[in-house]
Amino acid sequence: MARPRTASRSVENPSLDGVSLQQFLEALTDPVRRRAVAQLAAAGEALSCGTFVMPVAPSTATHHFNVLREAGVIRQYYVGTTKLNTLRAEELEKRFPGLLSSVLAAVEREGGAGEASLGG
């Protein structure tokens, strides 16, 4: 008997047209989420969820990634069973000119993506 095919995994990434400035800013108020965004920006490429340095449990990290995705800050997609994350920098620049770069500059001034930005 043939093994049933499994459906490919997918993640729904919102259009930035439906993301408000309020939603974008609220997503970045949390220092753990700012740290994740700074790590993505510094990497300059897609990162799997497990490669981020985060001071929270994996289930809490999943929540933070969901908030960032729903606010249009990151795009998530699967390659096989690995969920990858990319920063939607170009799209965000068009939607909210200069805002992401300002946030990233502030994160860098406050200690970068390391423990100092979390007070640890």
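Visitor: Which residues of helix H5 (residues 99-109) are buried?

Guide: This is a predicted model, in which local features need pLDDT of at least 70, side-chain atom pairs count only at pLDDT 80 or more, and totals for chains, interfaces and linings use all residues. Residues are numbered from 1 along each chain as its sequence is written, and side-chain values use heavy atoms, with hydrogens and water left out. Helices (H or I, at least four residues) and strands (E, at least two) are DSSP runs numbered from the N terminus, and buried means under 20% relative accessible area, exposed over 50% and partly exposed in between, with a 1.4 Å probe and protein chains only. By that cut-off, the buried residues of H5 are Leu100, Val103 and Val107.

Visitor: Which exposed residues does H5 carry on the face turned away from its buried side?

Guide: The buried side of H5 is covered by elements that include H1, H2, E3 and helix H4 (89-95). On the face turned away from that side, the exposed residues are Glu108 and Arg109.

Visitor: Are H2 and H5 roughly parallel or roughly perpendicular to each other?

Guide: Two packed helices are described by the angle between their axes and the distance between the axes. Axes here are lines fitted to C-alpha atoms, for helices over the stretch in contact, and angles run from 0 to 180 degrees between N-to-C directions; those under 35 degrees count as roughly parallel, over 145 as roughly antiparallel, 65 to 115 as roughly perpendicular and the rest as oblique. The axes of H2 and H5 are 10 Å apart, and the helices pack at an angle of about 100°. H2 and H5 are therefore roughly perpendicular.

Visitor: How many nonpolar residues does the contact of H2 with H5 have?

Guide: With contact taken as heavy atoms within 4.5 Å, Arg34, Val37, Ala38 and Ala41 in H2 meet Leu100, Val103, Leu104 and Val107 in H5. Ala, Val, Leu, Ile, Met, Phe, Trp, Tyr, Cys and Pro count as nonpolar, Asp, Glu, Lys and Arg as charged, and the others, Gly among them, as polar. The contact of H2 with H5 has one charged residue and no polar ones, and its nonpolar residues number seven.

Visitor: At what angle do the axes of H2 and H3 cross?

Guide: In this pairing, Val32, Arg33, Ala36 and Val37 in H2 meet His63, His64, Phe65, Val67 and Leu68 in H3, a contact that by class has six nonpolar, two polar and one charged residues. The axes of helix H2 (residues 31-43) and helix H3 (residues 58-70) come within 10 Å, and the two helices are therefore roughly perpendicular to each other. Their crossing angle is roughly 70°.

Visitor: How far apart are the end C-alpha atoms of H3?

Guide: The expected span of a helix is 1.5 Å times one less than its number of residues. For the 13 residues of H3 this should give 18 Å, which agrees with the separation of its end C-alpha atoms, 18 Å.

Visitor: Which residues are buried in H3?

Guide: What covers the buried residues of H3 includes helix H1 (21-27), H2, strand E2 (74-79) and strand E3 (82-87). In H3, the buried residues are Ala61, His64, Phe65, Leu68 and Arg69.

Visitor: Does asparagine 66 count as buried, partly exposed or exposed?

Guide: Asparagine 66 has its place in helix H3, and its C-alpha atom is separated by 9.7 Å from that of alanine 27, 39 residues apart along the chain. Because its relative accessibility is 25%, asparagine 66 counts as partly exposed.

Visitor: Which residues does tyrosine 78 touch, not counting residues up to four places away in sequence?

Guide: Tyrosine 78 is placed in strand E2 and, at 24% relative accessibility, counts as partly exposed. Beyond the excluded sequence neighbours, the residues that tyrosine 78 touches are Arg9, Ser10, Val11 and Lys83.

Visitor: What pattern does the protein follow along the sequence?

Guide: The protein has five helices and three strands. Read along the sequence, they follow the pattern α-α-β-α-β-β-α-α.
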